[in-house]
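Try each task before reading its solution.

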Amino acid sequence: MPFPTLSPQPLALFSGFVKIPPKGRKCVFVADYQHIQKIQLLSAEQYQERHFLDGYKSTELPKGANARQALKEVNELLDDVSPNHAVLNSNRSFANARLSHLPNKISIKISDEYQRRLTKKDGMANIRSANIYLRKTTDFINKVWLKYPFHNIGSFDKFTSKHINESNDKRTTHYGGFELIKYRKSKRLKDVANRLALTVLDEVKDAASQNHGDIAFLKAYDAAAAVCKQWQVNPPYYADVKRNQIIEAAECAILRMTSPKWWLNQLGSLRDLCCEHLNVAAGLVGEDSPYLSRDSFNEWCEQQKSGREWLESTMIESEAGVIIPLIDAAMAGNANPANRFVELIVRARGLEEIAEEQGKVGLMVTLTAPSKYHFNSGKWNCENAQYTQAYLSGQFRKIRSALSYRKIKIQGLRVTEPHKDSTPHWHMLIFVHPEHADVLKAILEKYAFEVDGDEDGAAEHRLKIEPVDKTKGSAVGYIIKYLSKNIKGEHMQGELDFESGLAASAGAENAAAWASRYRLRQFQFFGSSSVQVWRELRKLKECPQPPEIELARAAADSSNWKVFEQALAVNPIKLEYEETECGNEFGEMTKRVLGLCAMATKADGESKVRSLITRGEKWTIRAMNDDEKVNYKKLKAERALIFSENDAIENKEDKKPMPKWKQPLGSGLKSRDSGDTRTCGNNCTDAVLGDHFGCNKAEFSEEVLRYLASHGVVDKYTLDQLRSGLRIFTDAGRIWWVSDGQLQFERLFDEEVSEFDYF
């Protein structure tokens, strides 16, 4: 069969390119159109991969090896099915123009589907059907592509500052951006981030030089924001600067917009969304790859692997000298899916108990977006999952606003879950008083069907409301499967995820990767107290606290969400932050959680705000040394062995405990001699001063008081005893005293138990 040839008719696709074959090869066609604009010189391999169809490899490539081979197969198939040369040339020109510029995997996918449609029966009708598919699909891809700023890369030099243009006269078509987003944080993406930061800096200098005072900051901000908008990046602090005219906000925003690191993060986020959106438009998300594309899933897996390797090679060290692997600390918190799942179940169960006590009923609600938000629909609006989530959130805000206007209170939680085509839908568990149930249903129906409510299939799929039947199980039993199938398939071993058709664990991984790629919140409680207060209270190891606080602390410690909510209803507890002026590289104020604050009654009956320091100690991060790497490797192997043994044991009581990281000797906590199991140490940077106001008492600095508070030593009477030189004993088993101008402590220490049981 002769090599296929391209139509000599000028195509928009090839404008600006001179078709020169690699050195020593013959061209299979003759281009008779004019060179339009300068382009970046490409290597022979790049020309071969991007622009030439065949004849440049000595061996035949396997089917679907790359976009070039796929396009060659399309041309060969068209040669077979076309009735004459006129139809052949027309179809070939059409197919080449539609496929040649697309990214590799997208081009292969569309080429395969195009060939499948061409090989159906009925002759000419199939060529027409295949061409309709190709036109519609590539139109979708082009619409999606133009939603993201990377098509600006062709005209980027036109808008960059003068000193950049002087050294760069290259131009590309708007398809050149496909190469830019090929890899995450690629060298080219970093280059664009650097150039954008320089561009903004130039614009800021020009605007500032033409104005004075506060106006200069505002004008400079406007100039920088214009570049952000061109690249579809939200300018930071836009409302604070434009509406409230806050000059400090403009300063911090300008520092961000002139930072290459900030630009790389913004472009990286847009790149992730763009790649996945293109894959959805090309049909790479669906039956074969539910929720998200294989490329995005693989990238997510690599991120997880890379993050875990970093955690396993990093140590954290406290001011007290406690040293543990960062992975152990991370797995002790909500970064551990098992812990997150348990916390969600505890909270859901607590809400159900509160609802039962208040005489409320439960409703399971499934809310789905209109068909135009679904890729599988012929009405698809070419938007992504973030856009759909914003629509669902907007409708739910209207629902809650309508209920609030009628003074109807609801409580519950919602789970965001993807359809196979990546479109999100919501499962909600809502508790409401029985007399308001009908009103709630009516409002749900109103806003669920507000957009395209009369379209085909809306009545069947848009909204489902199912009352919780207590004879069949608890309300938590209704929602638990949606929680589980989105967190590693906990407690669903051997079951299938019916949405994706995958095993529950695999479906959960896909759902987690989907939520990560689109940056969506999977689980949200409403009408409930802050879970962060709950988590901070669970860190308080010293007890008892004042009665107003102790009830909430004990409830959190015993995982009783119902009592926790009741305690906070009587005496609210809020987070307390430590604020740092100019705390980061952008000059912004930073905040970190220091502890909690609440009203407490003193012994004399006076009520006063009480601060509970839960994060008094600061931790530093450092890389593991060689000895620590060896020790952790041994510990990891021991844990893996015990985990495999425990996996075969059904009875929880019979399972072996996981070994813990042992605190190395001489790493902060120093023992008096090798045979003593008691440890003592001084953990204060400031000396304790004596002879306080003429009496034989110690004076504590603010740092010492904070350190004592972090260990629960806050009572005034206890501190007075310590100042007087007496020894005090806390519930955690520590003995504190002042000796030689230093605060000392001593406690029984079991070598098999970590210094901090929390980890």
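**Exercise 1: Charges over rings**

Arg 347 places its charged end over the ring of Phe 525, 3.9 Å from the ring centre. Now look at Lys 591: over the ring of which residue does its charged end sit?

Solution. Bear in mind that this is a predicted model. Start from the charged end of Lys 591 and go to the ring of Tyr 577, whose centre is 4.4 Å away. The charge counts as sitting over the ring, because the cut-offs are 6 Å from the ring centre and 35 degrees from the ring normal.

**Exercise 2: Two aromatic pairs**

Classify the pairs Trp 262 with Trp 263 and Tyr 373 with Tyr 391.

Solution. A search of the whole structure gives 14 aromatic pairs.

- Step 1: Trp 262 and Trp 263 lie 5.3 Å apart, centre to centre, with 80° between the planes, and this pair is edge-to-face. Both of these Trp residues are buried.
- Step 2: for Tyr 373 and Tyr 391 the centres are 4.9 Å apart and the planes 25° apart, which makes the pair stacked.
- Step 3: Tyr 373 is in the loop between strand E3 (361–367) and helix H17 (385–405), while Tyr 391 is in helix H17, 18 residues apart. Both Tyr 373 and Tyr 391 are buried.

**Exercise 3: An enclosed helix**

Why is helix H20 described as largely enclosed by the rest of the structure?

Solution. Take residues 475–484 and look for the buried ones: Ala 475, Val 476, Tyr 478, Ile 479, Tyr 482, Leu 483 and Ser 484. That is 7 of the 10 residues of H20, so the helix is largely enclosed by the rest of the structure.

Note on methods:
Residues numbered from 1 in each chain as written. Predicted model: local features only at pLDDT ≥ 70, side-chain atom pairs only at ≥ 80, totals over all residues. Heavy atoms only, no water. Phe/Tyr/Trp six-rings, centres within 6.5 Å; stacked < 30°, edge-to-face > 60°. Buried < 20%, exposed > 50% of the residue type's maximum accessible area, 1.4 Å probe, protein only. Helix = DSSP H or I, 4+ residues; strand = E, 2+ residues; numbered from the N terminus.
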